[in-house]
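Sequence and coordinates are displayed first.

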Amino acid sequence: MMNKKGQDEMVGFAIISIIIGVIILIVIGFMVNTTDKTNVQDYEIESFIQTSLQYTTECQDSFGFASITDLVISCNREEKCLNEKDSCEILNSTLSGLVENGWNVGEQSSVKGYEFDIKTGEQSTLNFKEGNQTANYKSAFQTFARNGEDYTITLSLYS
Amino acid sequence: MYGMLKTKQKLKIKNKHGQLKIQQMIFMILAVMFLFILVALFFLSISLNKMKKEATNLAEKNSMLLVSKLANSPEFSCENAFGSNKPNCIDFDKIMALKKDIAKYSDFWGIAKIEIRKVYPNQGNVSCNTENYPNCGDLKILDKKVKVLPYSYTFVSLCRKEFSETGPYNKCELARLMVSSQDRT
């Protein structure tokens, strides 16, 4: 009777060890297959700012159509375009369009919100944000100087 | 006589007892062996997965490096055609010409796919050809029919010459240069 009990215990032990082993394998397999990729990389934001500054806007100046870089300077000087459009307004709408199309900002997306900031020296020239500002964010900036003024363009993406 | 029978019975019981103990031990050894096999399998699967991941990561890193190198290569870059040397600037006219002769370059970069997708203004997935240029949103420069890794990309400035009433001007738009290597795993 006691021996049978001992045998049953052995079989039980074997079954339990098999079950635990299989569960461990499944869990580990799942953990290993889960990708640990972060959605947005720093170099992507840097290249985004760098190339956005070269974008040709609809603001006409005496040299043709102004780029975002030219528009940042015009906006700081509160200048108007040749077609009487406000340089800051065009800058704001163009940058919003660039960010929203470039990063697919939204609740369902990996980018939940963003903040764009343009500074001249220490003073903020233009700042706009959209979506949710969470604690988890990535940020990059680009600087340039023109006519003795330092400009800093910063983009922060919240995920 | 009675004493001998008793001793024989005692021996039989002892033998059975011993057999059961051996059986228990075999069970135990089998269970422990099975557990060891499971543990070995588990470590083997981890190391195999790690190796696979490393191979994929290496290929991805390679294409990431290549994508930024490609954007500034003479075959793609704007150089001084649109003012001073612009980083990550791609000459749209140049790559339209390159697309025609892509057969000569198919093994030049060692990658399977090169694609440029306009980001802003968004022109959808209209594939670029000589008829609809530049009003299109997607240009497949190289498209090998092989199993590929996920795309690596970088933002680029896609520039071309345009004409207005005041004369020619440079028009630069935002695009993504996407590159994908062949999956050899």
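## Basis of the report

The model is predicted: local features need pLDDT of at least 70, side-chain atom pairs count only at pLDDT 80 or more, and totals for chains, interfaces and linings use all residues. Residues are numbered from 1 along each chain as its sequence is written, while chains are lettered from A and ligands numbered from 1 in the order in which they are written.

## Overall form of chain B

Chain B contains 3 helices and 5 strands; helices (H or I, at least four residues) and strands (E, at least two) are DSSP runs numbered from the N terminus. Along the sequence these elements follow the pattern α-β-α-α-β-β-β-β. The radius of gyration of chain B is 34 Å, well over the 16 Å that the globule rule gives for 185 residues, so the chain is more spread out than a compact globule. The radius is taken over C-alpha atoms, and the rule is 2.2 Å times the number of residues to the power 0.38.

Along the principal axes, the C-alpha atoms of chain B fill a box of roughly 130 × 30 × 25 Å. Buried residues amount to 25% of the 185 residues (buried: 20 or more other C-beta atoms within 10 Å of the residue's own; exposed: 12 or fewer; partly exposed: in between; C-beta atoms are placed from the backbone). Of the contacts in chain B with a separation of 6 or more, 65% are between residues 24 or more positions apart, a contact being two C-beta atoms, placed from the backbone, within 7 Å.

## A hairpin in chain A

Strand 1 (residues 56-61) and strand 2 (residues 64-67) of chain A run antiparallel and are joined by 3 bridges; strands pair if DSSP finds at least two bridges between them. The two strands form a hairpin with 2 residues between them. A:T56 stands opposite A:S67 of strand 2.

A:N147, in the loop between strand 5 (137-146) and strand 6 (149-158) of chain A, has a positive phi near 50°. A:N147 is exposed, with 7 other C-beta atoms within 10 Å. B:N88 likewise has a positive phi near 50° and is placed in the loop between helix 1 (2-71) and strand 1 (89-91) of chain B. B:N88 counts as buried, with 23 C-beta neighbours inside 10 Å.
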